[in-house]
Amino acid sequence: MINDKKILLCVTGGIAVYKAAALTSKLVQAGAKVKVILSESAEKFVTPLTFQALSRNEVFTDTFDEKNPHVIAHIDLADWADLILIAPATANTIAKIAAGIADNMITTTLLAATAPVWIAPAMNVHMYDHPAVKKNLSILAEYGYQFIEPSEGYLACGYVGRGRLEEPEKIVELIQRFFAKDERRYLKGKTVVVTAGPTREKIDPVRFISNLSTGKMGFAIAEEAKKQGADVILISGPVQIAAPAGVELVKVETADEMYNAVLKYYESADIVIKTAAVADYRPKVTYDQKVKKQEGDAKIDLERTKDILFELGQRKKNQVLVGFAAETENLQEYARKKLTKKNADMIVANNVKASGAGFGTNTNIVTLFKRSGEVTELPLMSKADVAEKIIEEVTSLLKDMDQNGNC
Ligand code: CTP
């Protein structure tokens with residue numbers, strides 16, 4: 001849930017700075033984008049180079065060290081962040097922020113920030129209990145700042161008590177939970193349409209053209225979207241699995257029926273995910289009676305079905321549109337072509353020949369191609385985990401669309 005989340009870590013000067021280095025590393029490993037500001041005192045404990053190496057970003061220390069002439073660094077950093085975390089937060093910095101003082105890079109950036117601010121205090125137990133610190137913390141609480149309470153234990157000053165910076169693993173977990181809730185809230189009241197399974201194109205009453213799709217990926221996506229609070233409409237071709245609880249299931253058989261069903265819900269949809277393996281061709285003629293075999297070869301004339309994803313791309317207004325690409329070769333090239341040709345916002349591509357990927361399996365290996373040009377290659381994962389990742393990505397595309405008018 002913190003993949004690509006932008007976290008601005010403000011490190012102030014206390015012995016717990018060493019834990020902030022570990023925290024940076026864990027946040028990066030969890031997929032977050034991390035930028036670090038060090039206070040002058042923090043630099044006395046650990047050098048900026050440590051944080052630069054761990055965050056893979058330049059580190060900010062001085063309000064007047066403007067590295068990029070196109071932006072004002074403290075405003076740019078404040079605007080960039082999805083979450084600002086001060087860890088460790090010293091009594092001194094807490095006091096300055098409470099008083100609205102802006103005398104260094106951290107305090108100045110905070111005054112310009114609109115993102116949620118989290119404070120993880122770390123100090124001696126008596127300092128933490130001092131009425132001045134308590135008063136300052138309550139002022140910050142009134143500003144809407146959140147706290148990661150220090151834990152109890154052995155303190156560097158020799159005391160045992162409350163004042164230790166919370167462990168980096170725990171802080172990462174709290175941040176993950178925060179963003180998970182945030183995303184969940186975002187899909188509440190939104191409508192997600194998912195198509196799944198194969199379609200069947202009838203030749204006669206006993207024969208049809210179809211494919212190997214089992215619906216597992218689409219059903220997992222529908223289930224995840226429901227979990228995240230969305231109203232979910234699952235339009236599925238014939239499959240053997242049960243619909244997830246709370247999801248509205250619309251059963252269809254042919255590509256034409258799927259087209260009509262999807263169009264019916266398209267106007268009111270916020271997100272459409274076209275997982276279905278729709279038949280590209282159907283028999284030109286469907287016989288009412290079973291076709292009897294004849295001597296020699298037989299031939300079926302086929303005609304194209306409607307390309308539903310393409311049609312949706314043409315009619316797209318504010319929907320986030322996601323297509324799938326099941327390929328057996330040239331994955332990147334074909335996926336990128338589909339993204340453009342179908343006017344989709346994201347294509348989820350997989351090589352159905354790879355072991356652990358494709359039809360019928362409980363796992364998948366997919367690569368996500370976005371309009372922004374961003375490509376995310378995911379490892380072998382369960383279809384439930386792939387679904388979680390896809391829903392996370394489309395939620396953030398929808399957020400961008402709602403905020404900026406495009407994905
Ligand atoms: N799709 C669709 N309508 C169709 C066929 C496919 O909406 N008639 C959707 C699928 O649900 C999927 C995506 O389009 O999201 C797949 O793209 P497509 O180009 O149709 O893939 P293939 O059917 O594999 O086609 P190609 O032979 O060009 O690879």
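Student: Why does Lys-190 count as buried?

Tutor: Its relative accessibility is 19%. Buried means under 20% relative accessible area, exposed means over 50%, and partly exposed is in between (1.4 Å probe, protein chains only). The value of 19% is under 20%, so Lys-190 is buried. Keep in mind that this is a predicted model, in which local features need pLDDT of at least 70 and side-chain atom pairs count only at pLDDT 80 or more, while totals for chains, interfaces and linings use all residues. Residues are numbered from 1 along each chain as its sequence is written, and side-chain values use heavy atoms, with hydrogens and water left out.

Student: Where is Lys-190, and what is it in contact with?

Tutor: Lys-190 is in the loop between α9 (168–187) and β9 (191–196). Helices (H or I, at least four residues) and strands (E, at least two) are DSSP runs, numbered from the N terminus. Leaving aside neighbours within four places in sequence, Lys-190 is in contact (heavy atoms within 4.5 Å) with Ala-230, Asp-231, Asp-270, Leu-398 and Asp-402.

Student: What makes Ala-81 buried or exposed?

Tutor: Ala-81 has a relative accessible area of 8%, so it is buried. Ala-81 sits in the loop between α4 (73–80) and β4. Not counting residues up to four places away in sequence, Ala-81 touches Lys-6, Leu-8 and Ala-115.

Student: How do you know that Glu-327 and Lys-338 form a salt bridge?

Tutor: A salt bridge is a side-chain nitrogen of Lys or Arg within 4 Å of a carboxyl oxygen of Asp or Glu. The closest N and O atoms of Glu-327 and Lys-338 are 2.6 Å apart, so the pair qualifies. Glu-327 lies in strand β17 (residues 320–327) and Lys-338 in helix α13 (residues 331–341), so the pair ties together parts that are 11 residues apart in sequence. Glu-327, at 9% relative accessibility, is buried, and Lys-338, at 24%, is partly exposed.

Student: How many salt bridges does the structure hold?

Tutor: The structure holds 25 salt bridges. One of them joins Glu-333 and Lys-337, with the closest N and O atoms 3.1 Å apart. Both residues lie in helix α13, four residues apart, about one turn of the helix. Glu-333 counts as partly exposed, because its relative accessibility is 40%.

Student: What makes Glu-393 and Lys-370 a salt bridge?

Tutor: The closest N and O atoms of Glu-393 and Lys-370 are 2.6 Å apart. Glu-393 lies in helix α14 (residues 383–404) and Lys-370 in strand β20 (residues 366–370), so the pair ties together parts that are 23 residues apart in sequence. Both Glu-393 and Lys-370 are buried. They are also linked with Glu-374, Lys-389 and Glu-392 in a network of salt bridges.

Student: Why is α10 called oblique to α14?

Tutor: Helix α10 (residues 216–227) and α14 pack at an angle of about 55 degrees, with their axes 8 Å apart. Axes are lines fitted to C-alpha atoms, for helices over the stretch in contact, and angles run from 0 to 180 degrees between N-to-C directions. Angles under 35 degrees count as roughly parallel, over 145 as roughly antiparallel, 65 to 115 as roughly perpendicular and the rest as oblique. An angle of about 55 degrees falls in the rest, so α10 is oblique to α14.

Student: Which residues of α10 and α14 meet?

Tutor: From α10, Lys-216, Met-217, Ala-220, Ile-221, Glu-224 and Ala-225 meet Lys-383, Ala-384, Val-386, Ala-387, Glu-388, Ile-390 and Ile-391 of α14. By class, this contact has nine nonpolar, no polar and four charged residues. Ala, Val, Leu, Ile, Met, Phe, Trp, Tyr, Cys and Pro count as nonpolar, Asp, Glu, Lys and Arg as charged, and the others, Gly among them, as polar.

Student: What is particular about the backbone at Asp-4 and Asn-330?

Tutor: Asp-4 is not a glycine, yet has a positive phi of about 70 degrees. Asp-4 lies in the segment before β1 (6–11) and is partly exposed, with a relative accessible area of 27%. Asn-330 also has a positive phi, near 45 degrees, in a residue other than glycine. Asn-330 is in the loop between β17 and α13, and counts as partly exposed at 40% relative accessibility.

Student: Which residues does a cis peptide bond join?

Tutor: Ala-87 and Pro-88, with omega about -10 degrees. Pro-88 is in strand β4 (residues 83–89).
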